[in-house]
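Work through the exercises below with the model open. Each task is followed by its solution in steps.

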Amino acid sequence: MSAPVALVTGAARGIGAATCRVLAASGHRVVALARCSDDPALEYPLGTADDLAATVESCGRGAEAVVCDVRDAGGLADVVAGLDRLDVVVAAAGVVWGGAPLWSTPDEAWDVVLDGNLRGLFNTVRATVPRLLERPEPRSGRVVAVASAGAPRGLLHLGAYVAAKHAVAGVVRALAADLADAGVTANAVAPGATGTDILDASAAVYGLAAPEELSAPHPVARLLRPEEVAE
């Protein structure tokens with residue numbers, strides 16, 4: 001029997017990259033997917049092809065790098081169609097923009113954050129869930145999306161990000177209801193402040209000297225590591 005296959009989006013770095021390594025260590029063949037290009041509406045660099053290659057190398061034998069933007073529904077569908085099997089989907093792709101109150105958020109910033117976080121998840125679900133449901137009964141399968149602990153609370157000057165991540169949780173709840181008797185589960189993970197490039201960009205919004213300052217509300221009084229969320 002072939003090893004189970006896990007598709008991870010946002011795999012170039014951060015939580016996505018850490019999740020790839022955890023899945024590879026547990027015996028999965030990992031398809032690590034990332035867009036590997038910047039966006040002019042964002043004020044920080046996104047993961048690169050070299051970052052994605054480093055993720056795959058850290059996973060060891062059997063991992064595969066795929067350059068694809070989760071906003072590209074057709075591209076995602078083509079990637080999934082080319083897989084010999086699919087068992088696990090982790091939607092970790094996401095972007096952040098901040099620095100202004102909600103009513104002053106530029107259209108291009110709103111669009112890129114909603115598209116990157118919410119439409120990207122929708123496209124991922126639409127491309128992968130039918131494939132999971134093709135498995136013979138009694139089937140199994142896992143869909144996990146990365147939301148945010150800050151979304152239900154609201155975050156100052158991060159309105160688009162809060163809206164997108166709050167909607168991610170709603171999408172997952174709806175998906176779980178649709179899959180209730182299918183043998184495939186849908187869950188969201190909502191991390192607090194985690195040491196990633198997105199957190200660095202968030203700290204810059206607030207003019208903080210270091211992203212560690214964002215961990216103040218944590219009971220553990222420190223930033224989370226991407227590996228902790230992945231595990």
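**Exercise 1: Asp87**

Asp87 lies in the loop between helix H3 (73-81) and S4; helices (H or I, at least four residues) and strands (E, at least two) are DSSP runs, numbered from the N terminus. The model is predicted: local features need pLDDT of at least 70, side-chain atom pairs count only at pLDDT 80 or more, and totals for chains, interfaces and linings use all residues. Residues are numbered from 1 along each chain as its sequence is written, and side-chain values use heavy atoms, with hydrogens and water left out.

Task: state whether Asp87 is buried or exposed, and list what surrounds Asp87.

Step 1. The relative accessible area of Asp87 is 8%. Asp87 is therefore buried (under 20% relative accessible area; exposed is over 50%, partly exposed in between; 1.4 Å probe, protein chains only).

Step 2. Not counting residues up to four places away in sequence, Asp87 touches Pro4, Val5, Leu132, Arg135, Gly141 and Arg142 (heavy atoms within 4.5 Å).

Step 3. At 2.8 Å, the Asp87 side chain reaches the backbone nitrogen of Val5.

Terms used
A polar contact is a pair of N or O atoms within 3.5 Å; within protein, one must be able to donate a hydrogen and the other to accept it, and residues adjacent in sequence count only if both atoms are side-chain atoms.
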